[in-house]
Amino acid sequence: MTSSPFRGTAPTRVDHLVVGAGFSGLCAAIKLQEDGETDFLVVEKGDEVGGTWRDNTYPGAACDVPSQLYSFSFAPNPDWSMSFSQQPEIQAYLRRVAAESGTLDRFAFRTRLEDARWDDAAQEWVCRLSGDATGEVRSRTLVLGAGGLSEPKLPDIEGLADFEGELFHSARWDHSVDLTGKRVAVIGTGASAIQIVPEVQKVAGHLDVYQRTAPWVIPRNDRRYSAVERAALRRLPGLQKAYRTAIYWARETYVPAFTWQPKIAWPAKKLALANLRLGIKDPDLRARATPSYQIGCKRILISNTYYPALDADNADLVTDRITRVTDRAVVTADGTERPVDVIVVATGFYTTELPITEHVTGRTGRTVAETWREHGMAAYKGTTVPGFPNLFFIVGPNTGLGHSSMVFVIESQVQYLREAVRAMRAGRYGAVEPTERATRRWNAALQRRMKRTVWSTGGCSSWYLDAHGRNTITWPRTTASMRASLSRFDQAAYDVAPDQTGSTPTREDVSA
């Protein structure tokens, strides 16, 4: 746990207010400071940095992107123990980067953004905080780095709230509950569930895994770095850079199968089917665990242990729909009632309806959530939104990936934020806001591209799709193209307002 420097009251005004202290918020803080933008405050509802990697402490929690790529480019770590890092190691990495950055004195932990309202006359965001740091903070920019995997989503199942056993979401794991010998139900078969299931199966008396849709699962191919290899990475920075570059471009070769021609993903499909045959010997179980849609339509998962866990004597894969939960059992559509002591809900997060957007009110008096409710999430370059001056999303709409590292995306969007702030300083702008026309054109082109992707044509229903049937989560091109589009602040796509307060110096003034 990290102590918060702010207790009782927050500063009354800062240049930049950053919400969230995961990879996004930490990156924004470090890079703003690097540019001389030292007047900022980062607010975080949790006890310390980490975000997703602080909150997801379930058994088996690990990253499905190689360690060398799932880290900041400006803070390489030669001491990863495995090629795919586990949660404790990623969290330790983020703690270390934060401590060494010299920014933690401007982090307020156990602090929530209750609401933010744009004041057009003052050209500022008026933000109300609660928790360790309380009060009203006025900020020139508002940076939302809360992420799309931060608010757990419980399924709408009759009786779930009345269950008398132990019940918790995978992202809020209750470590006080001993699963040894218990009858456990895991609801969901997504990225978290396939890591949880093998660990729970080892200790549970009986395990029921409730599957709505079978996932495609390829081998993890994890390995431990040798002491010699770690020493070489530590002493030869160029070697680590070469590792990272090779992994990055290898991952980019996956893009055509997702965004252009899904049929060329046949090697991955063949690998997944071999993994299935190797892991499950029972033909009936294997058939029920075989996906019926094109590989890539839903997130491709990686595991060597998930299928063997399903095939274990103390595990059952349940494919009938859950109709209700009683005080001590789960009931499915076929009428079967399965007794259970513990229910683990691994049903994901609010991704297409970001909860934080309910608390941000723009120039017209509407919240971001109200603006998006009509047609779904949409932003200019996944970062800025018309009607909300000086508001920047990190990991905003259509910035998610199905193949590579979100840290690459985060660094790209933070670069765009930096360029925007520099433009404001240089031009003495009090407010920058993307035009409706530029935003419509950007998203229309993006959705045209989306129509031919596997996420749209692959025959599945996924959490990438919103209530309007639009994919507002993933990026339908290469990450190299994303980085290029975010490399500079394209002022022509923005309405800019001169600074009315006299408080925004030019870059030359800052340097002086």
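Author: Let us begin with the cut-off that the reasoning needs: a disulfide is a pair of cysteine sulfur atoms within 2.5 Å. Please keep in mind that this is a predicted model.

Reader: How far is the sulfur of Cys63 from the closest cysteine sulfur, and in which residue does that one lie?

Author: The closest cysteine sulfur to that of Cys63 belongs to Cys27 and is 16 Å away, which is too far for a bond. Cys63 has a relative accessible area of 4% and is therefore counted as buried, and Cys127, with a relative accessible area of 0%, is buried as well.

Reader: How many disulfides does the structure hold, and which cysteines form a disulfide?

Author: The structure holds one disulfide. It is formed by Cys297 and Cys460, whose sulfur atoms are 2.0 Å apart, and the angle about the S-S bond is -90 degrees, making the link left-handed.

Reader: Which parts does the pair tie together, and are Cys297 and Cys460 buried or exposed?

Author: Cys297 is found in the loop between helix H9 (283-288) and strand E11 (301-302), while Cys460 sits in the loop between helix H14 (454-457) and helix H15 (479-485), so the pair ties together parts that are 163 residues apart in sequence. Both Cys297 and Cys460 are buried.

Reader: Turning to another loop, where is the place of Leu354, and how many residues separate Leu354 from Gly396 in sequence?

Author: Leu354 lies in the loop between strand E16 (342-345) and strand E17 (360-361), and its relative accessibility of 8% means that Leu354 counts as buried. Between Leu354 and Gly396 there are 42 residues of separation in sequence, and their C-alpha atoms are 9.4 Å apart in space.

Reader: What does the radius of gyration say about the protein chain, and how many helices and strands are there?

Author: A compact globule of 512 residues would have a radius of gyration near 24 Å, and the 23 Å of the protein chain agrees with that. The protein chain contains 16 helices and 20 strands, and its C-alpha atoms fill a box of roughly 70 × 50 × 45 Å along the principal axes.

Reader: What share of the residues is buried, and what share of the contacts joins residues 24 or more positions apart?

Author: Buried residues make up 57% of the 512 in the protein chain. Among contacts with a separation of 6 or more, 73% come from residues 24 or more positions apart.

Terms used
Residues numbered from 1 in each chain as written. Predicted model: local features only at pLDDT ≥ 70, side-chain atom pairs only at ≥ 80, totals over all residues. Heavy atoms only, no water. Helix = DSSP H or I, 4+ residues; strand = E, 2+ residues; numbered from the N terminus. Rg over C-alpha atoms; globule rule 2.2 N^0.38 Å. Buried < 20%, exposed > 50% of the residue type's maximum accessible area, 1.4 Å probe, protein only. Contact = heavy atoms within 4.5 Å.
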